[in-house]
Amino acid sequence: MHYSSPKMVCETKIVADEHDAIPGTKKESMMWSSPPAEAKGVRKDAVFIREFECGDQEEVRRIFYEGIMERIPNTAFRAIRQQPKTQFLYALLTVMCFFVTKSVTLTCCAPLVLMGARYYYSRTVIHSYLDCALHTDMADIEAYYMTPAGSCFWVAVLDGRVVGIVAAQGREDDDAVELRRMSVDSRYRGKGIAKALGRRVLEFAVRNNYAAVVLGTTAVKLAAHKLYESLGFRRTGQSEDHTLPGMSRSPLERLFFQIRHSRYRLQLREE
């Protein structure tokens with residue numbers, strides 16, 4: 001059973017002594033949940049993490065939207081370096097183009113056409129995924145995360161501006177909290193905001209007596225995976241051909257859009 005309500009947890013100020021019980025935390029890293037005016041002696045550039053409020057909706061959706069849109073070029077171009085089978089297939093198609101057309105010009109254009117198709121399908125699939133998310137939980141954060149017991153949604157605030165978001169969704173079936181929707185405004189990265197948001201979810205899980213924190217990510221950048229590992233998460237599985245909401249799974253889509261999905265888990269106590 002989980003005795004603490006989300007409100008009780010979210011209003012708790014993270015202090016140095018409490019960090020020892022939370023994996024991935026350090027005493028010297030201080031992120032406060034009270035507004036700047038109430039935190040005397042705190043630097044002006046300090047980040048404050050608080051519960052989501054209705055007035056945050058527009059900024060939260062913007063940060064989420066921009067963060068997901070970054071995955072279009074990452075998935076189309078960066079991710080191919082992690083897909084040797086796809087590289088081989090595209091190389092084979094390029095060679096076949098030469099044997100069929102006998103044209104050096106067309107053969108040289110083939111890789112550009114293939115990468116253009118990857119960008120097109122990446123954009124199509126991710127737009128469909130965004131449309132799904134923006135019409136479900138991200139359309140009514142209050143109902144999805146703030147009202148249900150065992151769930152919560154936080155924003156990181158810097159100089160009065162919302163610069164980061166994260167959600168925790170309780171899963172009673174396996175006594176775990178799922179870390180969801182973590183994103184930081186690209187203009188404010190490199191300040192430890194994502195790690196502070198992750199710690200807030202861990203604190204929430206500990207205080208609500210959950211056995212574990214889990215997450216799934218399709219992030220291509222290595223930095224995202226290093227972040228989760230620095231918080232104490234361990235990879236528990238990986239799928240090379242993940243299906244996102246909105247995908248049609250047509251032959252062309254399968255040819256030009258592949259995305260790797262990694263599952264992580266942080267065990268807080270024995271079940």
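Trainee: What makes S103 a cap for the N-terminal end of α5?

Mentor: A side-chain oxygen of S103 lies 3.4 Å from the backbone nitrogen of T105. A polar contact is a pair of N or O atoms within 3.5 Å; within protein, one must be able to donate a hydrogen and the other to accept it, and residues adjacent in sequence count only if both atoms are side-chain atoms. The S103 oxygen and the T105 nitrogen, at 3.4 Å, therefore qualify. Before we go on: this is a predicted model, where local features need pLDDT of at least 70, side-chain atom pairs count only at pLDDT 80 or more, and totals for chains, interfaces and linings use all residues. Residues are numbered from 1 along each chain as its sequence is written, and side-chain values use heavy atoms, with hydrogens and water left out.

Trainee: What span is expected for α5, and how far does the helix reach?

Mentor: Helices (H or I, at least four residues) and strands (E, at least two) are DSSP runs, numbered from the N terminus. Residues 104-134 form α5, 31 residues in length.

Trainee: Where is the kink in α5?

Mentor: At A110, shortly before the proline P111, with a bend of about 30°. That bend is the angle between axes fitted to the seven residues ending there and the seven starting there.

Trainee: Why is T75 called buried?

Mentor: Buried means under 20% relative accessible area, exposed over 50%, partly exposed in between (1.4 Å probe, protein chains only). T75 has 2% relative accessibility, so T75 counts as buried. This residue belongs to helix α3 (residues 71-76), and its side chain reaches the backbone oxygen of R71 at 2.6 Å.

Trainee: Which residues does T75 contact beyond four places in sequence?

Mentor: With contact meaning heavy atoms within 4.5 Å, the partners are R118, S122, I126, V220, F257, Q258 and I259.

Trainee: And across the whole chain, what share of residues is buried?

Mentor: Buried residues are 46% of the 271, in a chain with 9 helices and 7 strands. Of the contacts with a separation of 6 or more, 68% join residues 24 or more positions apart.

Definitions and conventions: The expected span of a helix is 1.5 Å times one less than its number of residues.
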